[in-house]
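Trainee: I am new to this one. Can we walk through it together?
Mentor: Gladly. Have a look first, then ask away.

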Amino acid sequence: MFAIFKRELRSYFTSLVGYVVIGVMLAFTGLYYSANCLVYGTSDFSTVLYSTTLVMLFLLPALTMRSFADERRNKTDQLLLTSPVTLTGMVLGKYLAMVTVFLIPVALMAFCPLIIAMNGEARLLSDYAALFAFFLMGCVFLAIGMFLSSLTESQIIAAVSTFAVLLILYLWDDLTGFLPSALGDL
């Protein structure tokens, strides 16, 4: 499992996928943070995370699209399946590599509530609880993307289908409002 984790983590940083995901996530977080917390003077960091969730819908499919689809397309999945690593170890190694890449911008976001606390009054407990929930939601999105990547050979189909499923989940409350009231109570 650790060998697959190392290989996947190295592949995210030898290609630009890892750097782009981290950079774009931090750029949008910085933009929302400076607009909400610094310009408007709010001390609620959860609004920044809520705005960044929309960016996450676009970035995480790019992170997950090649996890299994690339293995199938290059026919290296047979090599992985016959390796001495168990199937669970293989999936966990790939998943933990994606989570590690996602954890880097989340860990850097942890400094934002501290900056708010240094310059004013902050609710650190609720801010870090929101950041932890944001991380867990990202982990769920990564798992969904990894599953959808395992269903196809094409990275593009994996990315688009992951984005579509994540968008449906993101808009679920609004979509259920269109249902008749008898179906909406389910």
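Predicted model: local features only at pLDDT ≥ 70, side-chain atom pairs only at ≥ 80, totals over all residues.

Trainee: What does the C-alpha trace of the protein chain span along its principal axes?
Mentor: The chain has 186 residues, and buried residues make up 38% of them. Its accessible surface is about 10300 Å², with 73% belonging to carbon and sulfur atoms. Along the principal axes, the C-alpha trace spans about 55 × 50 × 25 Å.

Trainee: Among contacts with a separation of 6 or more, what percentage is between residues 24 or more positions apart?
Mentor: Take the contacts in the protein chain with a separation of 6 or more. Then pick those between residues 24 or more positions apart. Their share is 77%.

Trainee: Which residues of the largest nonpolar core touch the most other members?
Mentor: This core has 41 residues. The elements giving two or more residues to this core are α1 (2-14), α2 (17-39), α3, α6, α7 and α8 (124-149). The residues that touch the most other members are Phe45, Leu63, Phe102, Phe134 and Leu142.

Trainee: Which residues does phenylalanine 134 touch, not counting residues up to four places away in sequence?
Mentor: Phenylalanine 134 is one of the core residues that touch the most other members. Set aside residues up to four places away in sequence. Phenylalanine 134 then touches Met25, Leu49, Thr52, Thr53, Met56, Phe102, Val106 and Met109.

Trainee: Is threonine 64 buried or exposed?
Mentor: Threonine 64 sits in helix α3 (residues 46-64). Beyond its neighbours within four places in sequence, threonine 64 contacts Met98, Leu142, Gly145, Met146, Ser149 and Thr162. Its relative accessibility is 0%, so threonine 64 counts as buried.

Trainee: And aspartate 77, which residues is that in contact with, leaving aside its neighbours within four places in sequence?
Mentor: Aspartate 77 lies in helix α5 (residues 77-81). Its relative accessible area is 19%, so aspartate 77 is buried. Its C-alpha atom is 34 Å from that of threonine 52, 25 residues apart along the chain. Leaving aside neighbours within four places, the contacts of aspartate 77 are Glu71 and Arg72.

Trainee: How many disulfides are there?
Mentor: A disulfide is a covalent bond between the sulfur atoms of two cysteines. Two sulfur atoms must lie within 2.5 Å to count. For cysteine 37, the nearest cysteine sulfur is that of cysteine 112, 7.6 Å away. The count of disulfides is zero.

Trainee: Is cysteine 112 buried or exposed?
Mentor: Start with cysteine 37. Its relative accessibility is 8%, so cysteine 37 counts as buried. Cysteine 112 has 11% relative accessibility, so it also counts as buried.

Trainee: Which residues are linked in a network of salt bridges?
Mentor: A search of the whole structure finds three salt bridges. One joins the side chains of arginine 7 and glutamate 8, at 3.2 Å, N to O. Another joins glutamate 8 and lysine 94, with closest N and O atoms 2.9 Å apart. The network links Arg7, Glu8 and Lys94.

Trainee: Where in the chain are glutamate 8 and lysine 94?
Mentor: Both glutamate 8 and lysine 94 are buried. They form a salt bridge. The pair links distant parts of the chain, 86 residues apart: glutamate 8 in helix α1, lysine 94 in helix α6.

Trainee: With which residue does aspartate 44 form a salt bridge?
Mentor: Aspartate 44 is in the loop between α2 and α3, and its partner is in the loop between α7 and α8, 79 residues apart. Aspartate 44 is partly exposed, with a relative accessible area of 23%. The closest N and O atoms are 3.6 Å apart, and the partner is arginine 123.

Trainee: Which helix gives the largest share of the nonpolar patch?
Mentor: The patch covers about 610 Å² and is made by Ile104, Leu108, Phe111, Leu114, Ile115, Met118 and Leu124. Both α6 (87-109) and α7 (111-119) supply at least two residues. The largest share, four residues, comes from α7.

Trainee: Is methionine 118 buried or exposed?
Mentor: Methionine 118 lies in helix α7. Its relative accessibility is 65%, and the cut-off for exposed is over 50%. So methionine 118 counts as exposed.

Definitions and conventions: Residues numbered from 1 in each chain as written. Heavy atoms only, no water. Patch = residues over 30% accessible without salt bridge, like charges linked within 9 Å, V, L, I, M, F, W, Y side chains within 5 Å. Areas by Shrake-Rupley, 256 points an atom, 1.4 Å probe, with all protein chains shown as cover. Salt bridge = Lys/Arg side-chain N within 4 Å of Asp/Glu carboxyl O. Buried < 20%, exposed > 50% of the residue type's maximum accessible area, 1.4 Å probe, protein only. Contact = heavy atoms within 4.5 Å. Core = buried A, V, L, I, M, F, W, Y, C linked by side-chain atoms within 4.5 Å.
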